[in-house]
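Here are some notes for a colleague who is opening this structure for the first time. Please read them with the sequence and the coordinates at hand.

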Amino acid sequence: MTLNDYVDAYCERVEPGFWSEPFNAFSNAGFWIAGALLAARLRRNAVPLPLSIRLLPAWLILVGFGSFAFHTLATVWAGWLDTGFILAFACTFVYAFLRHVAGLKTWLCALAALIFFWLSFGAKAWMPALGLNGSEAYLPMLLGLFAMTAWLWRRSTAFKPFLGASLLFCASLALRTLDHALCADFSLGTHFAWHLLNALLLYVLTTAVAGNGRHARQAARRQR
């Protein structure tokens, strides 16, 4: 397999071609809109936030571009680009949560982010095949999100948005998993809904970390 090999991974795509997945491609606008709204919201924050939190809107916009490239070009390298931006957002978010919400030491947060990267990037290699249409790779993210939510219980007002986001991720992951299974009855598939729900999900999570992080403002003051 070469980097330019053609990839047909989703129900909507039935042939090669740049616009063969229009719904999957244009639903990435959700990431761009969410990222732009987040960037504007974080700029209005009274106290400058730590860099790891301020990077999240940019990563979110890049997630949209990476996914757009994959659903239009449909090549191996575009798939790697898509995956890379998703992992970059997720690892930055893990670091931001542990450092600025949980208040752990910097080196522990960096180590946890690296371990999370290894678990997510290699999920298909170390996890058994579960017949989830490739969604196995996202199970470490789901488990991590539930772990964060459990830690927030009775500790922070961020618990409710994190709980809502966890349930939303379950729904979006189910839609991603069912994309091929529903092809015969729904030719567009359900992957575009995965994009839209995840754009909302990441907006909610970033807002919760920025607005309710117990240590976020303290960390920002230390960095000034």
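Predicted model: local features only at pLDDT ≥ 70, side-chain atom pairs only at ≥ 80, totals over all residues.

1. The axes of α4, which spans residues 56-73, and of α5 come within 8 Å and cross at roughly 160°. Because angles over 145 degrees count as roughly antiparallel, α4 and α5 are described as roughly antiparallel to each other, and their crossing is left-handed.

2. The loop between α4 and α5 holds A74, a residue that has a positive phi of about 55° although it is not a glycine. With a relative accessibility of 1%, A74 counts as buried.

3. A positive phi, near 60°, is also found at N133, again a residue other than glycine, and N133 lies in the loop between α7 (123-126) and α8. N133 is partly exposed, its relative accessible area being 27%.

4. Helix α9 has 19 residues, 159-177, and reaches 27 Å from its first C-alpha to its last, close to the 27 Å expected at 1.5 Å a residue. Its buried residues are F159, F162, A165, S166, F169, S172, L173, R176 and T177, and they lie on the same side of α9 because they cover an arc of only 140° around the axis.

5. The cover over the buried residues of α9 includes α5 (76-100), α8 (139-152) and α10 (191-212), whereas the face turned away from the buried side of α9 carries the exposed residues K160 and L167.

Notes: Residues numbered from 1 in each chain as written. Heavy atoms only, no water. Helix = DSSP H or I, 4+ residues; strand = E, 2+ residues; numbered from the N terminus. Expected span 1.5 Å × (residues − 1). Buried < 20%, exposed > 50% of the residue type's maximum accessible area, 1.4 Å probe, protein only. Arc of directions from axis to C-beta. Contact = heavy atoms within 4.5 Å. Axes fitted to C-alpha atoms, helices over the stretch in contact; angles between N-to-C directions. Parallel < 35°, antiparallel > 145°, perpendicular 65-115°, else oblique. Left-handed = near helix turned anticlockwise from the far one by under 90°.
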